[in-house]
Amino acid sequence: MIADIFFYIFSVVLLLSAAIVVSARNPVHSVLFLILAFFNAAALFLIAGAEFLAFVLLIVYVGAVAVLFMFVVMMLDVNFAELRSGFQRYLPVGATVGAILLAELLGLEAGWQIAPEASTLRLSPAPSGVQNTVALGQLIYTDYIFLFQAAGIILLVAMIGAIVLTLRDRKTMRYQDIRVQNTRRPADTLALVRMGLGSGVKPESYYRPHIPEPAGFVEEPHGHGPAGPGGH
Amino acid sequence: MSGFLATPVGQLALVVGEALALLVPLLIIVAFLTYAERKILAAIQLRKGPNVVGPFGLMQPFADALKMMMKETIIPSGANPLLFLFAPMLTFVLAMMAWAVIPVNEGWAIANINVGILYLFAISSLGVYGVMIAGWASNSEYAFLGALRSAAQMVSYEVSLGFVIVTVLLCAGSLNLSDIVLAQRNIWFAIPLFPMFVVFIISMLAETNRSPFDLPEGESEIVAGFFVEYSSLAFGLFFLGEYANMVLMSGMATILFLGGWMGPFGLWPALGPIWFLLKVCFFLFIFVWVRGTLPRYRYDQLMRLGWKVFLPLSLAWLVITAGVLVGAGWLPKLPAPV
């Protein structure tokens, strides 16, 4: 009874927030409603008794994926007027594609054959006497280990592909060598100079050590003029 | 009495009572944590610290709270008022919510759920939204920079934190927090998993935005980061949330690595909550000690530490742990499917 009521509450909020995700004008609001939708989906999982899936949904989608969405969307400078200007022009094309897809879906639905044994299988989600976390683990890591690992490798290839596509080695880029930084000692960069009153430091190498420039890097002429000893 | 407790109203009253019995001491701990932090920092820096309000300055946190409540709540004109006020509430509520599953003694958790550790991990990873929403809704450059830093920081630390938790789960064989503590009956996990223990402590500092990883605040670079526009109670909620998160992460470290409510060598099992509190205080002292000792990390150093040091280290230790457990036949027994 109570579970039924909450099921409908969560479902309604889920659908409403999903509708707002695509209709909101502000992209940050869209992401926030997407997070709300994830939350309600997790709550539906909880009602169905799949607590592991519910929390993994929260951790992966809300805790990581949506954070990155938000990170990108917050930094975007979206020009909405420009975004809407093409709306009239692309409307016929978009409407045609949508209509074809809808017609195909309707045709599929009309000719859909449901396997007679599928409905009985669907009604026994977890083996009895075992927590659903354990049941899921046994299913994924023993029965479907090959598919699971293959999915992982596909994701890895996609990740490496994305990195290769975006990583350009710019010749002017200055990299930091952490090993060099960590092995620096005060003696390499600091010198204690004993000097008389009012005389200042004479050798320039004390305050301007020579750092080799990376190849191909053209240094801009500096704005500040020649600084004499003790001129800073 | 037991008849009343069986009714729905009685159940509700019981849960509310339990929540109050946990949250009131927690808030008092948070209040005195701010006092302890100032006193310890003062001792590190050879000062006296707060010593005016009350005996030894013990009433200082309450004076501060009163001062904070008396101030005016200012909402910047360019801000999004709804989200601006929502962010501190979210931070505070999440910091309180997570305590529902923490067992401070055997069977003393409010909700002893099967996937307690996942619940904790999910709630603590949601904490970043308070920071991000605050930074975005403030409509201020400094706050925005703080929010971006926080997002990048969280994402880089949560992966290795997840591997640390998986390593502990391999040894415990359960996602239930009470079972994890009971699995440490013979030896605390901090000893066989010592590298993971260190990774967890450092990630814990990054997760709570504490020094030396307090880049989202970074008061010397971006003023106060994400809460630069906040005042009064809205600021107070961020403040309370941050300190409650410190206590929470300390409690999590206690449960995962230091045997929760169990004393060393099984000493005085009746003192469960006291042992728990002592271990939490140990971690809280580490928080303050680190703050008084280390300078703030540079941003690229922080990202490098997360992705290039902790991630390979925790992944390698996970594989080694799994190999040793399987090779020696020490895997915890799981119920077989029926």
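**Notes on the predicted model**

1. F226(B) counts as buried at 4% relative accessibility; buried means under 20% relative accessible area, exposed over 50%, and partly exposed in between (1.4 Å probe, protein chains only). This residue lies in the loop between α8 (194–207) and α9 (232–257) of chain B, where helices (H or I, at least four residues) are DSSP runs numbered from the N terminus. Leaving aside neighbours within four places in sequence, F226(B) is in contact (heavy atoms within 4.5 Å) with residues including V131(B), A134(B), P216(B) and F238(B). The C-alpha atoms of F226(B) and R291(B) are separated by 20 Å, the two being 65 residues apart along the chain.

2. On conventions: this is a predicted model, in which local features need pLDDT of at least 70 and side-chain atom pairs count only at pLDDT 80 or more, while totals for chains, interfaces and linings use all residues. Residues are numbered from 1 along each chain as its sequence is written, chains are lettered from A and ligands numbered from 1 in the order in which they are written, and side-chain values use heavy atoms, with hydrogens and water left out.

3. A search of the whole structure finds 6 of them over all chains, a salt bridge being a side-chain nitrogen of Lys or Arg within 4 Å of a carboxyl oxygen of Asp or Glu. R210(B) pairs in this way with E37(B), the closest N and O atoms being 2.4 Å apart. R210(B) is in the loop between α8 and α9 of chain B and E37(B) is in helix α2 (residues 8–44) of chain B, so the pair ties together parts 173 residues apart in sequence. Both R210(B) and E37(B) are buried.

4. E37(B), with a relative accessible area of 2%, also forms a salt bridge with R291(B), at 2.7 Å between the closest N and O atoms. This pair links helix α10 (residues 272–293) of chain B, which holds R291(B), to helix α2 of chain B, which holds E37(B), across 254 residues. R291(B) counts as partly exposed, at 37% relative accessibility.

5. A further salt bridge joins the side chains of R298(B) and D300(B) (2.8 Å, N to O). R298(B) is partly exposed at 36% relative accessibility, as is D300(B) with a relative accessible area of 32%. Through shared partners, salt bridges join E37(B), R210(B), E242(B) and R291(B) into one network.

6. How many residues of each chain meet at the interface of chain A and chain B? In chain A 32 residues are in contact with 31 residues of chain B. The two chains bury about 2,600 Å² between them, 75% of it on carbon and sulfur atoms; buried area is the accessible area (1.4 Å probe) that two parts lose on being put together, summed over both. On the side of chain A, F55(A), I59(A) and M74(A) lose the most area to chain B, together 22% of what that side buries.

7. N40(A) belongs to helix α2 of chain A and is buried, with a relative accessible area of 6%. Its side chain reaches the backbone oxygen of L36(A) at 2.8 Å. Apart from neighbours within four places in sequence, N40(A) is in contact with F10(A), V13(A) and L14(A).

How values were computed:
Helix = DSSP H or I, 4+ residues; strand = E, 2+ residues; numbered from the N terminus. Polar contact = N/O pair within 3.5 Å; in protein donor to acceptor, adjacent residues only side chain to side chain.
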